[in-house]
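User: I would like to learn how to read a few features of a protein model. Could we go through them together, one at a time?

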Amino acid sequence: MGESRLTADCSSRCHCLARNEVRCVPAGCRATERCTLRRGARGCLTLFKTCMVTGDPHYISFDGAVTHFQGTCNYDVAKVCSPFSANWFRVTAQNQHRRNNLVSFVSRVYVYLPGLHITIQSGQGVLVSLVPTVPLGVISRDFLSQSSLGEEEVKGKG
């Protein structure tokens, strides 16, 4: 008694009220969730595993929350907080005003990885800066061409 469980498709939550007495109420998963079994318990688990920046600019976080930043700052889109993590990364978006100070858009996205910095510029392509801590064999030279600034532009052969 007192137990509660989701049905196999998560459409109802059934409560055990007394011996041989079960009451079910409508339930269900959100659009960003999937009904699944995890560690022996059925539940609605999030499918949202990406974040996105789109439009003028709309920031959509990993949990589906939407925020609109109209300033011209750099905003962290995603990052691992500990710089000592083996999986450390940081993705930052830079906003720029569009013809007036009321509306902005993402003009650049910066991707920081240990030993590698990538800049994606609106209308200008991708710039890759190698930091000396990365062995050169990690990135194929077939995909890069050296510029005079020590930065490399992705050309994308093959």
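User: How far apart are the sulfur atoms of Cys29 and Cys44?

Analyst: Happy to start there. This is a predicted model, in which local features need pLDDT of at least 70, side-chain atom pairs count only at pLDDT 80 or more, and totals for chains, interfaces and linings use all residues. Residues are numbered from 1 along each chain as its sequence is written, and side-chain values use heavy atoms, with hydrogens and water left out. A disulfide is a pair of cysteine sulfur atoms within 2.5 Å. The sulfur atoms of Cys29 and Cys44 are 2.1 Å apart, and the two residues form a disulfide.

User: Is the link of Cys29 and Cys44 left-handed or right-handed?

Analyst: The angle about the S-S bond is -80°, and the link of Cys29 and Cys44 is left-handed. Cys29 sits in the loop between E3 and E4 while Cys44 belongs to strand E5 (residues 41–46), so the bond ties together parts that are 15 residues apart in sequence. For the element names, helices (H or I, at least four residues) and strands (E, at least two) are DSSP runs, numbered from the N terminus.

User: How many disulfides does the count come to?

Analyst: The count is three disulfides. Cys10 and Cys35 form one of them, with sulfur atoms 2.0 Å apart. Cys10 is in the loop between strand E1 (4–6) and strand E2 (12–18), and Cys35 is in strand E4 (residues 33–38), so this pair links distant parts of the chain, 25 residues apart. The link of Cys10 and Cys35 is right-handed, with 75° about the S-S bond. Cys14 and Cys24 also form a disulfide, and their sulfur atoms are 1.9 Å apart. Their link is right-handed, at 105° about the S-S bond. Cys14 lies in strand E2 and Cys24 in strand E3 (residues 21–26), so parts that are 10 residues apart in sequence are tied together.

User: What is the pairing when the bonded cysteines are numbered in sequence order?

Analyst: Numbered that way, the bonded cysteines of the protein pair as 1-5, 2-3, 4-6.

User: Is Cys10 buried or exposed?

Analyst: The idea is to compare relative accessible area with two cut-offs: buried means under 20%, exposed means over 50%, and partly exposed is in between (1.4 Å probe, protein chains only). Cys10 has 0% relative accessibility, so Cys10 counts as buried. Cys14 is buried at 16%, whereas Cys24 is partly exposed at 42%. Cys29, at 29%, counts as partly exposed, and Cys44 is partly exposed at 25%.

User: Now for the rings. How many aromatic pairs are there?

Analyst: Rings of Phe, Tyr and Trp (its six-membered ring) pair if their centres lie within 6.5 Å; planes under 30 degrees apart count as stacked, over 60 as edge-to-face and the rest as tilted. The count comes to two aromatic pairs. Tyr59 and Tyr75 form an edge-to-face pair, 5.7 Å centre to centre with 65° between the planes. Tyr59 lies in strand E7 (residues 58–60) and Tyr75 in strand E9, so the pair ties together parts that are 16 residues apart in sequence. Tyr59 is buried at 7%, and Tyr75 is buried at 16%.

User: Why does the pair of Tyr110 and Tyr112 count as stacked?

Analyst: The planes of Tyr110 and Tyr112 are at 20° and the ring centres are 6.2 Å apart, so the pair is stacked. Tyr110 is buried, with a relative accessible area of 15%, while Tyr112 is partly exposed at 23%.

User: Which residues is Trp88 in contact with, leaving aside its neighbours within four places in sequence?

Analyst: Contact means heavy atoms within 4.5 Å. On that basis, Trp88 is in contact with Val80, Ser82, Pro83, Tyr112, Leu113 and Pro114. Trp88 lies in the loop between strand E9 (74–79) and strand E10 (90–97). The C-alpha atoms of Trp88 and Leu113 are separated by 6.7 Å, although these residues are 25 residues apart along the chain.
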